[in-house]
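Here is a short briefing on one protein chain. Please look over the sequence and the structure before reading on.

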Amino acid sequence: MAKTAILKGFFDRVGLSVTKKQDAWSVIKIEKMLQELRIDGYEFLYQPKVVRLKDKNQLMRLLLHMVPSEISSEYNLILGKFNDEMKLKVGSWQFEAKV
């Protein structure tokens, strides 16, 4: 940890910024969160890191659960609607539901 602080201080003095890579949630963490919210009938697309939910109510329940406890300032949270799908992008995962 001391080495990290020294390197960060060095980069700050030189003028380079150190950006922290966003944490990638594991599939196990997401499945546990969905089970806690009693959300079922979801589908994982592992390569693009997409979770498809049954409907927008499940997506909103997930959003309301994540915002106060799971999201920090390090994550980019994007909520959008494209055609007939609502999409919630958090970190490296995207959650989708038909409207």
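Where is the place of R38? R38 sits in the loop between α2 and β1. This is a predicted model. The points below take the loops, the helix pair and the sheet in turn.

**Loop residues with positive phi**

- Most residues other than glycine have a negative phi, and most peptide bonds are trans.
- R38 is not a glycine, yet its phi is positive, at about 55°.
- R38 has a relative accessibility of 75%. The cut-off for exposed is over 50%, so R38 counts as exposed.
- K49 also has a positive phi, near 55°, and is a residue other than glycine.
- The loop between β1 and β2 holds K49.
- K49 has a relative accessible area of 26%.

**Helices α2 and α3**

- Two packed helices are described by the angle between their axes and the distance between the axes.
- Helix α2 spans residues 27–36, and helix α3 spans residues 56–69.
- The two pack at an angle of about 110°, with their axes 10 Å apart.
- Angles of 65 to 115 degrees count as roughly perpendicular, and α2 and α3 are therefore roughly perpendicular to each other.
- The crossing of α2 past α3 is right-handed.
- From α2, the residues in contact are M33, L34 and E36. From α3, they are L62, H65 and M66.
- By class, this contact of α2 with α3 has four nonpolar residues, one polar and one charged.

**The sheet**

- Strands of a sheet pair through backbone hydrogen bonds, either parallel or antiparallel.
- Five strands form an open sheet in the order β1-β2-β5-β4-β3. The pairing is mixed.
- The edges are β1 (43–45) and β3 (77–82). Each has a single partner strand, so one side of each lacks a neighbour in the sheet.
- On average, neighbouring strands of this sheet are turned by 20° against each other, direction ignored.
- Strand β2 (residues 50–53) and strand β5 (residues 93–98) run parallel. Four bridges join them.
- V51 has F95 in β5 as its bridge partner.

**Helix on sheet**

- Which strands does α3 lie across? They are β2, β3, β4 (85–90) and β5.
- α3 runs at about 20° to β4.

Technical notes:
Residues numbered from 1 in each chain as written. Predicted model: local features only at pLDDT ≥ 70, side-chain atom pairs only at ≥ 80, totals over all residues. Heavy atoms only, no water. Axes fitted to C-alpha atoms, helices over the stretch in contact; angles between N-to-C directions. Parallel < 35°, antiparallel > 145°, perpendicular 65-115°, else oblique. Left-handed = near helix turned anticlockwise from the far one by under 90°. Contact = heavy atoms within 4.5 Å. Nonpolar A, V, L, I, M, F, W, Y, C, P; charged D, E, K, R; others polar. Pairing = 2+ DSSP bridges. Buried < 20%, exposed > 50% of the residue type's maximum accessible area, 1.4 Å probe, protein only.
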